[in-house]
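Subject: Structure handover and notes

Hello,

Here is the structure we spoke about, followed by my notes on it. Please read them with the model open beside you.

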Amino acid sequence: MITFSTYAFAQDKIDTVQIINNGTLNMEIDSRINMVLKAKEDAVCTYTAPVKKNTEKKIVVQSNDPCAGSPQVNGFKIQIYYSKDRKDADKVRNEFTRSYPDLSAQTVYYSPDYRVLVGDYFTRASASKDIRRLKSKYNSAFSIPFKVLCRKAK
């Protein structure tokens, strides 16, 4: 058996630690310390962080421009071609760009196909005029929902 004891001149016995051969630890603590520890265990944290006021003023842009807030918006494009071969899709896109320089064209990949998408439109109705124009050469042309460049959209 091993015993440790600590004494203070102005206080009673503060603690006694006994280690017995079977590994049991007994501690005697001054009752005042025990009350402080118990109070700390029972205490509920009531601290609330101070709310930081945002002193920055947000600039609100009043504009009739629908594109003022973002460069891309939900809109429509016209799909004129699709293929599993990227080279074929790029060939059609390049041919389209030469024939219709007024409309943007891009090749996008939607698994498992490469698609050639043209134009930028806010609505299906605004795309219908160009669909009718393109049907003579691209008979399978139709509009699909797509993110479009707001400044280019019709």
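The protein exposes about 12,000 Å², and carbon and sulfur atoms supply 55% of that area; accessible areas come from the Shrake-Rupley method with a 1.4 Å probe, and for residues only the protein chains shown count as cover.

This is a predicted model, in which local features need pLDDT of at least 70 and side-chain atom pairs count only at pLDDT 80 or more, while totals for chains, interfaces and linings use all residues. Residues are numbered from 1 along each chain as its sequence is written, and side-chain values use heavy atoms, with hydrogens and water left out.

Overall layout

The protein has three helices and seven strands. Here helices (H or I, at least four residues) and strands (E, at least two) are DSSP runs, numbered from the N terminus. Along the sequence they follow the pattern β-β-β-α-β-α-β-β-α-β. Of the 154 residues in the protein, 27% are buried. Buried means under 20% relative accessible area, exposed means over 50%, and partly exposed is in between (1.4 Å probe, protein chains only). Among contacts with a separation of 6 or more, 59% are between residues 24 or more positions apart; contact means heavy atoms within 4.5 Å.

The core

The largest nonpolar core has 17 residues, and those with the most contacts inside it are I78, I80, F96, V118, L134 and Y138. A nonpolar core is a set of buried Ala, Val, Leu, Ile, Met, Phe, Trp, Tyr and Cys residues joined through side-chain atoms within 4.5 Å. Two or more residues of this core come from each of β4 (72-83), α2 (86-99), β6 (113-121) and α3 (124-134). β6 gives the most, with four residues. Not counting residues up to four places away in sequence, L134 touches I78, I80, F96, Y100, L103 and V118.

Helix α2

α2 has 14 residues and spans 20 Å from its first C-alpha to its last, close to the 20 Å expected at 1.5 Å a residue. The expected span is 1.5 Å times one less than the number of residues in the helix. Its buried residues are A89, D90, V92 and F96. Seen down the axis of α2, these buried residues fall within an arc of 160 degrees, so they line one face of the helix; the arc is that of the directions from the helix axis to the C-beta atoms. The buried residues of α2 pack against β4, β5 (105-110), β6 and α3. On the other side of α2, K87, K91 and R98 are exposed.

At the start of α2, a side-chain oxygen of D85 comes to within 3.2 Å of the backbone nitrogen of K87. The backbone nitrogen of D85 is in turn reached by the side chain of S83, at 3.0 Å. I count these as polar contacts: pairs of N or O atoms within 3.5 Å, where within protein one must be able to donate a hydrogen and the other to accept it, and residues adjacent in sequence count only if both atoms are side-chain atoms.

Individual residues

S83 is found in strand β4 and is buried, with a relative accessible area of 11%. S83 touches D88, D113 and Y114, leaving out residues up to four places away in sequence. S83 and D113 are 30 residues apart in sequence and 5.3 Å apart in space, C-alpha to C-alpha.

T107 is found in strand β5 and counts as buried at 15% relative accessibility. Its side chain makes a polar contact of 3.0 Å with the side chain of D90 and one of 3.2 Å with that of R93.

P112 lies in the loop between β5 and β6. The peptide bond from S111 to P112 is cis, with omega near 5 degrees.

F76 lies in strand β4 and is buried, with a relative accessible area of 16%. The C-alpha atoms of F76 and F146 are separated by 5.0 Å, although the two residues are 70 apart along the chain. Beyond its neighbours within four places in sequence, the contacts of F76 include Y121, F122, I144 and V148.

D130 is in helix α3 and is buried, with a relative accessible area of 7%. Not counting residues up to four places away in sequence, D130 touches I78, L103, Y121 and K154.

Regards
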